[in-house]
Amino acid sequence: MGKINKTEIQTKAVNTICEGTTINGDVETKSDIRLDGILKGKLITTGRLVVGPTGFVEGDIFCDNIDVVGNVVGNIDAKNVVTLKEGAKVTGNIATKNLSIDSGVIFDGYSKMSGEKSPIK
């Protein structure tokens with residue numbers, strides 16, 4: 001058997017917070033994460049975040065890329081791409097390089113698209 005690189009395993013893993021799960025507190029990961037439950041706290045990932053149709057985040061999000069179908073109440077700071085898909089509801093500001101908003105999305109906030117450091121703290 002070959003040697004297992006634990007860092008490689010951690011970065012390829014996908015975290016899942018299932019429907020029916022509530023987390024009160026901050027979440028930080030280096031892996032991709034899918035949220036179908038409830039998070040009340042800040043979420044930080046160097047990977048991709050998917051907020052599924054039953055997902056709800058109340059807090060600021062810092063990530064590389066994000067797809068939102070559920071609800072976010074807080075600011076989103078994404079290094080690359082923010083995609084708000086049909087059914088998404090976002091109340092807060094968005095800072096990113098690329099922003100895509102589908103028809104049927106509710107977005108109440110301001111957006112800033114540039115390669116510069118985000119003003120969101």
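Select Thr45 to begin: at 4% relative accessibility, this residue counts as buried. The model you have open is predicted.

**Stop 1: Thr45**

Thr45 lies in strand 6, which covers residues 43–45. Show the side chain and look for Ser31. The Thr45 side chain reaches the backbone oxygen of Ser31 at 2.7 Å. Now display what surrounds Thr45, leaving aside neighbours within four places in sequence. One group of contacts is Thr29, Lys30, Ser31 and Ile33, and another is Phe62, Cys63 and Asp64.

**Stop 2: Thr46**

Step along to Thr46. Is Thr46 buried or exposed? Thr46 is exposed, because its relative accessible area is 54% and the cut-off for exposed is over 50%. Thr46 sits in the loop between strand 6 and strand 7. Its side chain has a polar atom 3.3 Å from the backbone oxygen of Lys30. Beyond four places in sequence, Thr46 is in contact with Thr29, Lys30 and Asp64.

**Stop 3: Asn65**

Select Asn65, in strand 9. Asn65 counts as buried, because its relative accessibility is 16% and the cut-off is under 20%. A polar contact of 3.2 Å joins the side chains of Asn65 and Asp64.

**Stop 4: Val27**

Go to strand 3, residues 27–29, and pick Val27. Val27 is buried, with a relative accessible area of 16%. Which residues does Val27 touch, not counting those up to four places away in sequence? They are Ile33, Leu39, Lys42, Leu43 and Ile44. Draw a line from Val27 back to Thr45. Their C-alpha atoms are separated by 8.3 Å, and the residues are 18 apart along the chain.

**Stop 5: Lys40**

Lys40 is next, in strand 5, residues 38–40. Lys40 is partly exposed, with a relative accessible area of 40%. Lys40 and Asn24 are 16 residues apart in sequence, with 4.9 Å between their C-alpha atoms. Asn24 is one of the contacts of Lys40 outside four places in sequence; Ile23, Gly25 and Glu58 are others.

**Stop 6: Lys97**

Select Lys97, in the loop between strand 13 (94–96) and strand 14 (98–101). At 42% relative accessibility, Lys97 counts as partly exposed.

**Stop 7**

Show Cys18 and Cys63. Which of these is buried? Cys63 is buried, with a relative accessible area of 4%. Cys18 is partly exposed, at 42%. The disulfide count for the model comes to 0.

**Stop 8: the largest nonpolar core**

In soluble globular proteins, nonpolar side chains tend to be buried together. Here the largest nonpolar core has 22 residues. Select Val51, Ile61, Ile66, Val68, Val72, Ile76 and Leu84, which touch the most other members.

**Stop 9: the whole chain**

Zoom out and switch to a cartoon. The protein has 1 helix and 16 strands. Its 121 residues include 36% that are buried. Switch to a surface. The protein exposes about 7100 Å², and carbon and sulfur atoms supply 50% of that. Now turn to the contacts between residues at least 6 apart in sequence. Of these, 5% join residues at least 24 apart.

**Stop 10: confidence**

Finish by colouring by pLDDT. The average for the protein is 89, and 85% of the residues score at least 70. Where does the pLDDT fall below 50? Select residues 6–10, where the pLDDT is below 50. That stretch has 2 contacts in the model beyond near neighbours in sequence. Where pLDDT is low, the predicted coordinates should not be read in detail.

Definitions and conventions
Residues are numbered from 1 along each chain as its sequence is written. This is a predicted model: local features need pLDDT of at least 70, side-chain atom pairs count only at pLDDT 80 or more; totals for chains, interfaces and linings use all residues. Side-chain values use heavy atoms; hydrogens and water are left out. Helices (H or I, at least four residues) and strands (E, at least two) are DSSP runs, numbered from the N terminus. Buried means under 20% relative accessible area, exposed over 50%, partly exposed in between (1.4 Å probe, protein chains only). Contact means heavy atoms within 4.5 Å. Accessible areas come from the Shrake-Rupley method with a 1.4 Å probe; for residues, only the protein chains shown count as cover. A nonpolar core is a set of buried Ala, Val, Leu, Ile, Met, Phe, Trp, Tyr and Cys residues joined through side-chain atoms within 4.5 Å. A disulfide is a pair of cysteine sulfur atoms within 2.5 Å. A polar contact is a pair of N or O atoms within 3.5 Å; within protein, one must be able to donate a hydrogen and the other to accept it, and residues adjacent in sequence count only if both atoms are side-chain atoms. pLDDT is the predictor's confidence in each residue, from 0 to 100.
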